[in-house]
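Keep the 3D view open as you read.

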Amino acid sequence: MSITEPGRRFLTKLTVISTLGGLLFGYDTGVISGALLYMNDDLGLSAVGEATVVSALLFPGAALGALVGGRLSDMLGRKRTLLVCAILFLVGALGCALAPNVEAMVLARIVLGLGVGAAAVTCPLYLAEMAPAERRGRMVTINELMIVTGQMLAFAINAALDAVIDDPHVWRYMLAVATIPAVALFIGMFALPDSPRWYAANGRPDEARRVLTLSRPPAEAADEYAIIAEHAARDRAEDKGAAIRDLRAFPWMRRLLWIGCGLAVVQQATGINTVNYYAPTILEQSGLGVSASLISTIAVGVTSVVMTIVGIILLGFISRRRMLITGFIGVATSQAALALVFLLPESTFRSYVILAAMMAFVAFVQCFIGTCVWLLRSEIFPLAIRGFAMGIAVFVLWTTNAGISFLFPILNTALGSTGTFGLFVLVNVISIVFVYRFVPETKGRSLEELEDQFRAPSASTFAEPGRALR
């Protein structure tokens with residue numbers, strides 16, 4: 001499809017504004033690591049208080065936000081839900097920056113988590129529904145790039161503020177910085193429409209047509225609208241609209257929901273957040289000093305950003321399934337190397353080999369898995385349950401994230417680093433089998449074409465990779 005220059009500009013504006021939610025997602029999950037260094041003394045945090053402050057954003061915050069965000073995006077629309085997310089980000093950031101005690105900080109972190117969870121559901125859905133089929137992969141995965149960029153910015157801004165501001169309350173400035181992109185997201189969303197799929201599903205055909213013409217030539221916009229309208233009418237004729245009722249009535253929808261939840265589990269089961277949350281600890285235990293460990297962690301953050309960009313480029317040429325299988329093989333291999341390296345005698349050389357293995361691990365996750373899983377979840381669900389199902393899948397993601405993050409230090413103490421990473425190897429081998437057996441191929445098809453494929457009565461549409469899945 002040939003996109004006009006005005007259409008290209010519109011898609012660029014839409015992507016930049018809406019993915020500010022992903023940037024806030026990354027910043028708010030990354031900034032706490034530096035802020036804690038000062039916050040501990042200022043608020044008198046105990047070990048339990050510190051763990052509560054960190055985890056409150058993940059659970060119940062982000063997990064509950066994913067459930068609520070999915071339903072809101074179906075009821076209010078993608079645009080208005082992102083406006084709600086912007087308000088949550090703003091209120092949460094101000095609450096964290098001004099918190100007078102631990103209780104207020106935990107409450108503010110939960111509010112931030114609600115925004116993170118709802119944005120994690122809504123941003124990919126909005127981009128997927130706005131994008132032309134051939135651009136959908138790269139547009140949706142820009143959100144993943146913004147997440148890892150937000151995390152890297154958090155590390156950099158923490159270091160810069162620490163160097164510039166000689167004040168034990170500098171952590172408040174670190175947390176307050178998040179208000180800037182929150183305001184930008186809120187203002188920017190007023191300049192964008194809702195998605196044509198949501199307009200069509202809610203009986204607003206003229207607006208659906210108008211939005212399509214903003215990024216497609218008139219003839220192609222008319223053809224795409226006809227397909228969208230046909231599917232919306234079919235959903236209404238089948239009395240769809242109550243997501244739980246639809247899941248009970250249509251087995252093919254339940255299969256897709258299980259696949260979406262499975263993708264959430266295997267994404268987190270890579271163990272990526274053991275590196276995101278515990279990299280300095282792992283490196284310090286390997287023999288590096290505290291300062292060297294913190295500096296080395298920046299290399300891991302840069303690897304995340306660079307390899308996410310590489311992954312976005314590769315999605316234009318490589319199928320989703322091949323990307324995932326390659327990624328899990330690479331993850332299992334790098335984790336096996338990591339497990340073996342911990343058996344070497346302690347030395348500076350051993351520490352840097354561990355860092356190299358961690359960077360390889362992060363590279364495979366961000367390049368081949370992180371970008372692809374967020375994209376697949378935004379593509380596979382039918383319109384009638386899209387927001388609700390995405391919310392359930394992201395809820396599973398956040399609860400799995402919280403569980404693994406909680407268990408990692410316990411396992412590391414009980415099994416040692418070699419045993420722990422060896423266990424992750426086994427888990428990722430199981431993930432390869434799951435992807436090969438159940439995950440469908442979605443590259444190059446419109447969302448409506450995918451829905452027609454998935455509703456086919458043959459179970460082979462889901463289980464056999466040799467036919468409909470390629």
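To follow the first stop, you need to know that a nonpolar patch is built from residues with over 30% relative accessible area and no salt bridge, their side chains joined within 5 Å. Keep in mind, too, that this is a predicted model. By that definition, Ile 87, Val 91, Val 183, Phe 186, Ile 187 and Phe 190 make a nonpolar surface patch of about 540 Å². Two helices, H4 (78–98) and H8 (179–189), each supply at least two of its residues, and H8 gives the most, with 3. Phe 190 belongs to the loop between H8 and helix H9 (196–201). With 53% relative accessibility, Phe 190 counts as exposed, because the cut-off for that class is over 50%.

Now turn to helix H18, which covers residues 386–438. If its 53 residues ran straight, they would span 78 Å, yet the end C-alpha atoms of H18 are only 19 Å apart. To get a sense of distance, find Val 164: its C-alpha is 46 Å from that of Leu 426, and the two are 262 residues apart in sequence.

Arg 386 and Glu 129 meet through their side chains in a salt bridge, 2.7 Å from N to O. Because Arg 386 lies in H18 and Glu 129 in helix H5 (residues 102–130), this pair ties together parts that are 257 residues apart in sequence. Are these two partners buried or exposed? Arg 386 is buried, at 1% relative accessible area, and Glu 129 is buried as well, at 0%. A further salt bridge joins Arg 78 to Asp 74, with the closest N and O atoms 3.1 Å apart, and Arg 78 is buried at 0% relative accessibility. Asp 74, Arg 78, Glu 129 and Arg 386 are linked in a network of salt bridges.

For another setting, go to helix H1 (residues 5–18), where Glu 5 and Arg 8 sit 3 residues apart, about one turn of the helix. Residues three or four places apart in an α-helix point the same way, because there are 3.6 residues a turn. Glu 5 and Arg 8 form a salt bridge, their closest N and O atoms being 3.0 Å apart. Glu 5 is partly exposed at 42% relative accessibility, and Arg 8 is partly exposed at 33%. The count of salt bridges comes to 11.

Aromatic rings make the next stop, with a count of 8 pairs. One of them is the stacked pair of Phe 364 and Phe 368, 5.9 Å from centre to centre with 25° between the planes. Both lie in helix H17 (residues 348–380), 4 residues apart; Phe 364 is partly exposed at 28%, whereas Phe 368 is buried at 15%. The rings of Phe 421 and Phe 424 have centres 6.2 Å apart and planes at 45°, so that pair is tilted. These two lie in H18, 3 residues apart, and both are buried. Elsewhere, Phe 25, Trp 374 and Trp 398 form one aromatic cluster.

Finally, look at the backbone. Most peptide bonds are trans. The bond joining Phe 59 and Pro 60 is cis, with omega about 15°, and Pro 60 lies in helix H3 (residues 47–75).

Definitions and conventions:
Residues are numbered from 1 along each chain as its sequence is written. This is a predicted model: local features need pLDDT of at least 70, side-chain atom pairs count only at pLDDT 80 or more; totals for chains, interfaces and linings use all residues. Side-chain values use heavy atoms; hydrogens and water are left out. The expected span of a helix is 1.5 Å times one less than its number of residues. Patches are made of residues with over 30% relative accessible area and no salt bridge: like charges are joined within 9 Å, nonpolar side chains (Val, Leu, Ile, Met, Phe, Trp, Tyr) within 5 Å. Accessible areas come from the Shrake-Rupley method with a 1.4 Å probe; for residues, only the protein chains shown count as cover. A salt bridge is a side-chain nitrogen of Lys or Arg within 4 Å of a carboxyl oxygen of Asp or Glu. Buried means under 20% relative accessible area, exposed over 50%, partly exposed in between (1.4 Å probe, protein chains only). Rings of Phe, Tyr and Trp (its six-membered ring) pair if their centres lie within 6.5 Å; planes under 30 degrees apart count as stacked, over 60 as edge-to-face and the rest as tilted.
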